[in-house]
Amino acid sequence: MATSTERPLARLLQLASPALPVGAYSYSQGLEAAIETGAVRDATSAERWIGDVLAYSLAPMEAPVFLRLCAAWTAGDTTAAERWNAIFLASRETAELRAETAQMGYSLATLLPRVGAGEVPLDEPSFPAAFARAATAWGIDPHEALVAYLWSWLENQVIAALKAVPLGQTDGQRMLVSLGGRLDEVACRAARLGDDELGGFVPGLAVLSSGHETQYSRLFRS
């Protein structure tokens, strides 16, 4: 018989799985544009790029907003959830990045009632808002939920690099080991940030993401 600890773990793995039907595989979040310009050209530069986005975008903005969304859903405070969802959507610096989180959020919000995780009562849920809603509905600890959320992002970035650079499978696993080792600390730091400390700074990503909108040849939607 499954224990109460095992059930949240299984749900956590389900949320972090590439099998989650939200279309994550179709996005690179600007990585493909970085490859096109030569900024990313091998395993070393790919790891540096992904690590920088983690450090300067997800860690100071997306991760702490995710925790605030978890707190809002846990408290049943839809107004707070709406506020943080709106703040996150506004923080997306290009049309592609905003469309990505809105599409993935919509897909997950559509799925959740069908798997018993309840509604996401937002007009335009971002992906972190829908993910946080599922995590709280399934009784998953917010810290663990955030680590899983970051892992799913990291895994998708590495898969995009494997396809587009291209890289070998061993390169991908090395990146996952190296960058995956940072996720717990990122989640811990996110919990310590105050509201006035939030905000990513990744101008290079914004410029390349904008360029990707008109890139001639591409595999990914962002």
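Leaving aside its neighbours within four places in sequence, which residues is Lys163 in contact with? Here contact means that heavy atoms lie within 4.5 Å, and by that rule Lys163 touches Tyr25, Leu219 and Phe220. The structure is a predicted model, in which local features need pLDDT of at least 70 and side-chain atom pairs count only at pLDDT 80 or more, while totals for chains, interfaces and linings use all residues. Residues are numbered from 1 along each chain as its sequence is written, and side-chain values use heavy atoms, with hydrogens and water left out.

Lys163 has its place in helix α7, where helices (H or I, at least four residues) and strands (E, at least two) are DSSP runs that are numbered from the N terminus. With a relative accessible area of 45%, Lys163 is partly exposed; buried means under 20% relative accessible area, exposed means over 50%, and partly exposed lies in between, for a 1.4 Å probe and protein chains only. Between the C-alpha atoms of Lys163 and Leu219, which are 56 residues apart along the chain, the separation is 8.8 Å.

From α7 the reader can turn to its partner α3, for these two helices pack at an angle of about 150°, with their axes 10 Å apart. That angle makes α3 roughly antiparallel to α7. Axes are lines fitted to C-alpha atoms, for helices over the stretch in contact, and angles run from 0 to 180 degrees between N-to-C directions; those under 35 degrees count as roughly parallel, those over 145 as roughly antiparallel, those from 65 to 115 as roughly perpendicular, and the rest as oblique. α3 passes α7 in a right-handed crossing, a crossing being right-handed if the near helix is turned clockwise from the far one by less than a right angle, and left-handed if anticlockwise. The residues that make this contact include Trp49, Leu58 and Phe66 of α3, and Tyr149, Trp153 and Gln157 of α7.

The same helix α3 also meets α6, and the axes of these two come within 9 Å and cross at roughly 50°. That makes α3 oblique to α6. The crossing of α3 and α6 is right-handed, and among the residues that make the contact are Phe66, Cys70 and Trp73 of α3, together with Phe131, Arg133 and Thr136 of α6. Ala75, which lies in helix α3, is exposed, with a relative accessible area of 61%. Although Ala75 and Thr136 are 61 residues apart along the chain, their C-alpha atoms are separated by 9.8 Å.

Ala130, which lies in helix α6 (residues 127-137), counts as buried at 0% relative accessibility. If its neighbours within four places in sequence are left aside, Ala130 is in contact with Gly105, Leu108, Ala109, Leu112 and Val120.

Why do the buried residues of α8 lie on the same side? In α8, Gly172, Met175, Leu176 and Leu179 are buried. They cover an arc of only 100° around the axis, which puts them on the same side of α8, the arc being that of the directions from the helix axis to the C-beta atoms. On the other side of α8, Thr170, Arg174 and Val177 are exposed, whereas the buried residues pack against α3 (43-75), α7 (142-164) and α9 (183-192).

Helix α10 (residues 203-212) also has buried residues, namely Leu205, Ala206, Leu208, Ser209 and His212, and what covers them includes α2 (31-37), α3 and α5 (95-111).

Two details of the loops complete the tour. Pro166 is found in the loop between α7 and α8, and the peptide bond that leads from Val165 to Pro166 is cis, with omega near -10°. Gln29 lies in the loop between α1 (6-16) and α2, has a phi near 55°, a positive value in a residue other than glycine, and counts as buried at 18% relative accessibility.
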